[in-house]
Structure formats: structure tokens, C-alpha cells
Amino acid sequence: MADSAEYTEFTGNFPAIAAQCLQKLTSSNNKFTYNCDHHTFNFLVEDGYVYCVVAKDSVGKQISIAFLERMKVDFKKRYGGGKADTAMAKSLNKEFGPVLKEHKKYIIEHAEEIEKLLKVKAQVSEVKSIMLENIDKAIDRGESLTTLADKTENLHDQAQAYKNQGTKIHRKMWYQNMKIKMVVLGILLLLVLVIWVSVCLGFDCSD
């Protein structure tokens, strides 16, 4: 598939290396990471499309994957239903390049919160796997239905606790975004007010 859109603030042979990595990818939906020259080349393959981000190896893999997930959702929303199938190489750069820049900015500014959220999700998945395994073992041992019900309820309680923690983190990120937007809006209104006062100093605004 052609490279429909890309964004980078740096020069180098990253596109060439990424192209070499693409040749190693399978067509099945999956996530891949390759290491080269102190950088990671992270790929997300889904429904015939390949999403890629290059990051320094100091950046956590999960952060890169979080960026790819955001990019995928936005790309499918804009170009889903086959709209991107006929796009020429780099033809979407002008339109989607700035979007990639904004996603990158968001991930960098909220890296800590995203890592916490991903950690909570991983803990939920781990607890679920352990509890389901314990329930399977209990069934094999022929434990009573009451014991199994207690273990199932325990699994639900722990999963709910992790879910609540993740919701709190997500809500905190939302409030931070709104706070930034309100500050920007306040600055814009202040600028408009300053311009209006400046104009009024030179003209009679009472007419």
C-alpha cells in the first residue's frame, strides 16, 4: 500500500528503514516493534492498513502503541469506507499531517497519565486471567458452586476497582484538556478586548 500520509520534524533515513521493516510484516492484524540505531519502529496492522511511528528507544513501547491507536481511530473516522484506498503516495500529508502533529503533542503532554491508564488496563487483564485460571482449576477439582460464586464475585470486585481507577485518570486528563482550552479562550477574548479598546481610542465608539 502507498504511504498516504506522514509527518516528521526530523531528517534522516527513517522512511527507508520503515520501508524495510514493512517488508517483514505479516498481513494479519497485529502490533510489531523493531529496534534500530537507538530508535524503535512501531507498527500497527489492521484491516489492510499499516500505521507506523518512530520513537527514541527511551520512549516506552506502550506510549508508542497508544499513539498508533489514536492515529488509527482518527484515520478510519476520516478515510474509512475505502476513501484512502485510492490515495496517492503522500497525497494526504497536507490534510492529515497536522493531525498527526496534534496527536504527537497530546501523547507527549499526557505521557504520564497514559502510562498510568495503560498500567491499570494491564492489571485488570492480569487479574482477570489469574482469576479465570483459578476458577477453571476449581472446576477441575470439583469445588462447590458457592466457592466458585465467591471467586467470580471477587473477580468482579477487583475488575470494578481497577475500572474506577482508570475512569478517575481519564476524567483527570479531560479536565486538564478543558482547563487548557479555557485558558486559550480567555487569552483570545483578552486580545479581542485590547484590540477593541485600541480602536476606540482613535475613534468615537459611541456612534
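Buried means under 20% relative accessible area, exposed means over 50%, and partly exposed lies in between (1.4 Å probe, protein chains only). Helices (H or I, at least four residues) and strands (E, at least two) are DSSP runs, numbered from the N terminus.

## Basis of the model

This is a predicted model, in which local features need pLDDT of at least 70 and side-chain atom pairs count only at pLDDT 80 or more, while totals for chains, interfaces and linings use all residues. Residues are numbered from 1 along each chain as its sequence is written, and side-chain values use heavy atoms, with hydrogens and water left out.

## Strand β2

The order β1-β2-β3 describes an open sheet of 3 strands with antiparallel pairing; two strands pair if DSSP finds at least two bridges between them. β1 and β3 are the edge strands, each pairing on one side only. From one strand to the next the twist averages 20 degrees.

Strand β1 (residues 30-36) is joined to β2 by 7 bridges. T33 stands opposite N42 in β2, and C36 has H39 as its bridge partner. The hairpin of β1 and β2 has 2 residues between the strands, and D37 takes a positive phi near 50 degrees there.

Helix α1 (residues 14-22) lies across β1, β2 and β3 at about 50 degrees to β2. Helix α2 (residues 61-79) lies across β1, β2 and β3, at about 145 degrees to β3. Axes are lines fitted to C-alpha atoms, for helices over the stretch in contact (heavy atoms within 4.5 Å), and angles run from 0 to 180 degrees between N-to-C directions.

## Surface patch

W174, Y175, M178, M182, L185 and L189 make a nonpolar surface patch of about 640 Å². Patch residues have over 30% relative accessible area and no salt bridge; like charges are joined within 9 Å, nonpolar side chains (Val, Leu, Ile, Met, Phe, Trp, Tyr) within 5 Å. A salt bridge is a side-chain nitrogen of Lys or Arg within 4 Å of a carboxyl oxygen of Asp or Glu. Accessible areas come from the Shrake-Rupley method with a 1.4 Å probe; for residues, only the protein chains shown count as cover.

M178 lies in helix α5 (residues 145-202). M178 counts as partly exposed because its relative accessibility is 31%.
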